[in-house]
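Work through the exercises below on the aromatic rings of this structure. Each task is followed by a solution in steps.

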Amino acid sequence: MKSFISRPGDLGFIDFETRFGKVAVLVCWDQWYPEAARLSSLGGANILFYPTAIGWHPSEKEQYGQAQLDAWRTIQRAHAIANGIYVAAVNRVGYEGPPERGLEFWGSSFIADPFGQVITQASCTGERILLAECDPHRIEEVRRNWPFLRDRRVDAYAPILRRWLD
């Protein structure tokens, strides 16, 4: 499925050195792909930031709303676990557009530690600033006990470069 609101970038996945550590910013559509998170963490990122604008269409909220929100939370936490890094999932709040066709942004921004535990979370209403201590020793501890990056079977992953396996 192709995103209808964004286009792929052409710079790859870049990590940025900051005074707080190495970070990666992967926007909106990237949050659904494990490859982007993996490449950023292999590049040395300690924290992945996912600024996004995701929400419900009014006609879908009742039937799919909770499942969609749970899927979003789950995949962000999975990025943290699979890569042994912190993930800051940032989402806007509010409503935009006409009542019958707009989009209700579900907020619920959060920060997960390298074990996927949510260490702070915002509400689904109103803007909030989230702060959390991201201890680099926690990254080392989790990666030592759950060595997913070390134990990858890179010799077996060549087929992932194809869109479909025939």
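This is a predicted model: local features need pLDDT of at least 70, side-chain atom pairs count only at pLDDT 80 or more; totals for chains, interfaces and linings use all residues.

Residues are numbered from 1 along each chain as its sequence is written, and side-chain values use heavy atoms, without hydrogens and water.

**Exercise 1.** State how many aromatic pairs a search of the whole structure finds, and classify the pair of Trp-29 and Tyr-33.

Solution. Rings of Phe, Tyr and Trp (its six-membered ring) pair if their centres lie within 6.5 Å; planes under 30 degrees apart are stacked, over 60 edge-to-face, the rest tilted. The search of the whole structure gives six aromatic pairs. For Trp-29 and Tyr-33 the ring centres are 6.4 Å apart and the planes meet at 65°, so this pair is edge-to-face.

**Exercise 2.** Classify the pair of Phe-115 and Trp-146, and locate both residues.

Solution. With 4.6 Å centre to centre and 45° between the planes, the pair of Phe-115 and Trp-146 is tilted. Phe-115 lies in the loop between β8 (110-112) and β9 (118-121), and Trp-146 in the segment after α3 (136-145), so the pair ties together parts 31 residues apart in sequence. Helices (H or I, at least four residues) and strands (E, at least two) are DSSP runs, numbered from the N terminus.

**Exercise 3.** Name the residues of the ring cluster.

Solution. Ring pairs join Trp-56, Trp-72, Trp-106 and Phe-110 into a cluster.

**Exercise 4.** Find the ring under the charged end of Arg-92.

Solution. A charge sits over a ring if NZ of Lys or CZ of Arg is within 6 Å of the ring centre and within 35 degrees of the ring normal. The charged end of Arg-92 sits over the ring of Phe-105, 3.8 Å from its centre.
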